[in-house]
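Trainee: Hey, I have a new structure to look at, could you walk me through it?
Mentor: Gladly, let us open it and begin with confidence.
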Amino acid sequence: MTAGLPGSGKGTFAEVAKALGIPVIVMGDIVREEAKKRNLELTSDNLAKVAAELRAKHGKDVLAKLVIDRIEREYKESCVVLVDGCRAPEELETFKRYTKVIVVAIEAPFELRAERLSSRARADDRGNVVEILKKRDEKEIELGVKKIMEMADFIIPNTRDVEDFVERAKLLLKGVLKEACDA
């Protein structure tokens with residue numbers, strides 16, 4: 001499971017996992033799917049509202065429960081599934097009740113994350129990137145992402161070039177695969 005603020009490198013970490021054959025479920029995609037069902041534009045504000053509504057109606061761990069349902073339906077036979085983007089301690093607790101969890105915190109400074117967001121092409125990153133990132137950081141910190149990061153089993157700083165980060169991600173993921181799948 002990864003935790004990190006927007007633009008820290010969770011998506012790149014997930015791409016490395018996919019390349020190693022690890023199934024990936026992006027928690028934010030669950031929210032994006034719900035927003036599409038409601039015919040909402042995929043803006044940062046709309047996605048935050050949808051996530052807040054889901055949590056208010058179904059509990060703070062609703063996204064974790066939806067991810068677990070997906071794992072049960074689609075990836076039950078996999079020895080490892082990467083859950084990308086855990087944000088709330090309640091979500092982490094739900095995952096821990098379900099299975100063994102390894103948390104990887106991915107850290108990067110604000111300026112570097114803002115630069116990364118301005119270069120990616122996701123609909124929820126459009127607009128004044130610095131302001132959008134500040135708002136997203138505030139929301140995610142309020143949810144508890146920093147607490148999740150503090151509880152991480154591994155911390156990967158993502159401050160150098162992408163090749164360096166990818167190599168460190170591969171090394172960590174190969175170790176996790178060996179331990180989980182060879183047992």
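Trainee: What pLDDT does the protein chain average?
Mentor: This is a predicted model, and its protein chain averages a pLDDT of 92, with 95% of the residues scoring at least 70.
Trainee: And where is confidence lowest, and where highest?
Mentor: The lowest confidence is in helix α6, residues 110–119, with a mean of 90, while strand β4, residues 104–107, has the highest, at 97.
Trainee: Switching to helices, at what angle do α2 and α4 pack?
Mentor: Helix α2 (residues 27–37) and helix α4 (residues 62–74) pack at about 95°, and their axes are 10 Å apart, so α2 and α4 are roughly perpendicular to each other.
Trainee: Which residues make that contact?
Mentor: From α2 they are M27, I30, V31 and E33, and from α4 they are L63, A64, L66, V67 and R70; by type, the residues of this contact are seven nonpolar, two charged and no polar.
Trainee: New topic, what volume does the second largest pocket have?
Mentor: Its volume is about 570 Å³, and among the 25 residues lining this pocket, C79, V80, V81, T99 and K100 are the closest to its centre.
Trainee: Which elements give two or more residues to that lining?
Mentor: They are α1 (10–19), α4, β3 (82–84), α5 (89–98) and α9 (162–181), and α9 gives the most, with four residues.
Trainee: How do the lining residues divide by type?
Mentor: The lining of the second largest pocket has 19 nonpolar, two polar and four charged residues.

Notes. Residues are numbered from 1 along each chain as its sequence is written. This is a predicted model: local features need pLDDT of at least 70, side-chain atom pairs count only at pLDDT 80 or more; totals for chains, interfaces and linings use all residues. Side-chain values use heavy atoms; hydrogens and water are left out. Axes are lines fitted to C-alpha atoms, for helices over the stretch in contact, and angles run from 0 to 180 degrees between N-to-C directions. Angles under 35 degrees count as roughly parallel, over 145 as roughly antiparallel, 65 to 115 as roughly perpendicular and the rest as oblique. Contact means heavy atoms within 4.5 Å. Ala, Val, Leu, Ile, Met, Phe, Trp, Tyr, Cys and Pro count as nonpolar, Asp, Glu, Lys and Arg as charged, and the others, Gly among them, as polar. pLDDT is the predictor's confidence in each residue, from 0 to 100. On a 1 Å grid over the protein atoms alone, a cavity is a set of points where a 1.4 Å probe fits but cannot get out, and a pocket is an open set with protein on both sides within 12 Å along at least five of seven lines; lining residues have an atom within 4 Å of a point. Grid points are joined across faces, edges and corners, and a volume is the space filled by probe spheres set on the points.
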